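Hi,

Here is the structure I said I'd pass along. Have a look at it first, and then read on for what turned up.

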Amino acid sequence: MSGYMLEMKKITKRFPGVKALDNVNLQVEKGQIHALVGENGAGKSTLMNILSGIYPYGDYEGTIIYQGEECKFYEISDSEKKGIVIIHQELALVPYMTIGENMFLGNEQGEKYRIDWEETYRRADQLLETVGLRESSRTLIKDIGIGKQQLVEIAKALAKNVKLLILDEPTASLNEAEARKLLDLLLQLKQEGLTSIIISHKLNEISYVADKITIIRDGATIETLDKEKDDIHEDRIVRGMVGRALTDRFPKRSGSNIGEVSLEIKNWTVYHPLYSGRKVVDDVSLRVHKGEVVGIAGLMGAGRTELALSIFGRNYGLNISGSLYINGEEVRLNNARQAIEKRLAYISEDRKGNGLILSNPIRVNLTLAKMDKVSSHSIIDGNAEVIAANEYIEKLRTKCTSIEQNVGNLSGGNQQKVLVSKWMFADPEIMILDEPTRGIDVGAKYEIYCIINQLVAEGKSILLISSELPELIGMCDRIYIMNEGRMVGEVSKEEATQERIMGQILKTSKGV
């Protein structure tokens, strides 16, 4: 009997036209945090879906040995009975149910036909205290933020007597403070004996919490690094992930091509769509020049996405006031169609929910924002659609079996490329990119950065919203700093540091 809590041996998984995993091996020791890293499409989530029973036994080749016995999981409930619980990047919580109801959904307390609500909320409150979440278990999920929802998911796992916790990109939607709180909780739970597997593209976080790191590339195991034995640093992890060293995370831009102001807003104010007395964007002014990348920094809830959506055809908010200028002309954009006609594009932070139709092929998704380019008299020209799709797949080097592949079957990085392609096809002059590299790996990020540089070299304007300060500092010519709905500062590329930006945010926060 081996000393490992989990062994996955020679795991091979095929999808139509592609081998997603090829003889992958994974060994996890009890009481450790084991990281799984690799590029989008490397096979990390597929491997964890096999372990949790989402892909049932018989649907793959290889062996799973858990706590000394061979396991054959036919559905997710089989793995949960053994204490294996997976938390996906897209949280599985019901917004209009309470925290307590969500925590025991499918695991109800009480007798067969009668739920003991007093026991439900008592246990829920105990578990919330364990994970450090100071909320009543009777609070609705919709009334708490993403960071707190992640903690609810962990409490929900603890309610199932979890022994092996799998977290897939747990900090992708969190700001730095929320992410550190979650990582510290994992370290605390490790001290209490919990074993964890964490998938993440944030290498600094991996280095902070992981005892061992297994690198997967192109569906195969490359190596496993041990913090106690190996010299682990980000460059080594990146080299294993992409098969080469990335000497510079942010590609250099050749020359400066900054021209006239293309986008400007003055005294822009937006009220919350439900709470009419609450300002979400408060008297904001900004400008973006042709050939310029301008960033917006801020914590989650600062109002950055709400600002972007309100500019893009008033797709968010009520009682919007202020002036919007495109190429010096004051305009009023009442919907997305009018924004597109003015050659304005918005790439959503939520590519799966608001950016793409996952059940449709690449060909269909890519032309959605500008259908008149591939149609005549409301009839789609299939040949034109195919030509356009193939052109952008090649231009952005999107990995896929064909343009007929459903977008939902692509990796996160390649989904993001399809989303960028969709808006490039619409011929915009101004592009608002909202968290364009969220949840994608370093190699895919570099390719997105190259696309941004190419766009500004052509004279286009980019407004870049990102929660990753190194990304803003590495890519932007100027950075606006936003906090609690207001613009509280502006720094040039030469002046920008993480300390200066965060200092400005903290200095302007209420009560500070």
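**Helix pairs**

Let's start with two helices that sit together: α5 (residues 146-159) packs against α6 (residues 176-191) at an angle of about 20°, and their axes are 9 Å apart. Angles under 35 degrees count as roughly parallel, so α5 is roughly parallel to α6. Before you zoom in, keep in mind that this is a predicted model.

The crossing of α5 past α6 is right-handed. If you want to find the contact, look on the α5 side for Gly147, Gln150, Leu151, Ile154 and Leu158. Facing them from α6 are Glu178, Lys181, Leu182, Leu185, Leu186 and Leu189. Sorted by class, the residues of this contact come out as seven nonpolar, two polar and two charged.

Helix α14 covers residues 412-425 and helix α15 covers residues 442-457. They pack at an angle of about 15°, with 10 Å between their axes, and are therefore roughly parallel to each other. Here too you'll see a right-handed crossing, with α14 passing α15.

Which residues make that contact? From α14 they are Gly413, Gln416, Lys417, Val420 and Met424, and from α15 they are Ala444, Glu447, Ile448, Ile451 and Leu455. The class count for α14 with α15 is six nonpolar, two polar and two charged.

**A four-stranded sheet**

Now for some strands. Four of them form an open sheet in the order β14-β13-β16-β17, and the pairing is antiparallel. At the edges are β14 (279-289) and β17 (329-331), each of which pairs on one side only. On average, neighbouring strands in this sheet are turned by 10° against each other, ignoring direction.

Helix α9 (residues 304-311) packs on this sheet, where it touches β13, β14 and β16 (318-326). The direction of α9 makes about 110° with that of β13.

With β14, β13 pairs in the antiparallel sense over seven bridges. Two spots to look for on that side: Val270 stands opposite Val281 in β14, and Trp268 stands opposite Val284 in β14. How many bridges link β13 and β16? There are six, again in the antiparallel sense. One to check by eye is Tyr271, whose bridge partner in β16 is Leu318.

Last stop is strand β1 (residues 6-15), which has antiparallel partners in β2 (residues 18-28) and in β4 (residues 61-66). Seven bridges join β1 to β2, and five join β1 to β4. For landmarks, Glu7 stands opposite Gln27 in β2, while Met8 stands opposite Ile64 in β4.

Cheers

How values were computed: Residues numbered from 1 in each chain as written. Predicted model: local features only at pLDDT ≥ 70, side-chain atom pairs only at ≥ 80, totals over all residues. Heavy atoms only, no water. Pairing = 2+ DSSP bridges. Axes fitted to C-alpha atoms, helices over the stretch in contact; angles between N-to-C directions. Contact = heavy atoms within 4.5 Å. Parallel < 35°, antiparallel > 145°, perpendicular 65-115°, else oblique. Left-handed = near helix turned anticlockwise from the far one by under 90°. Nonpolar A, V, L, I, M, F, W, Y, C, P; charged D, E, K, R; others polar.
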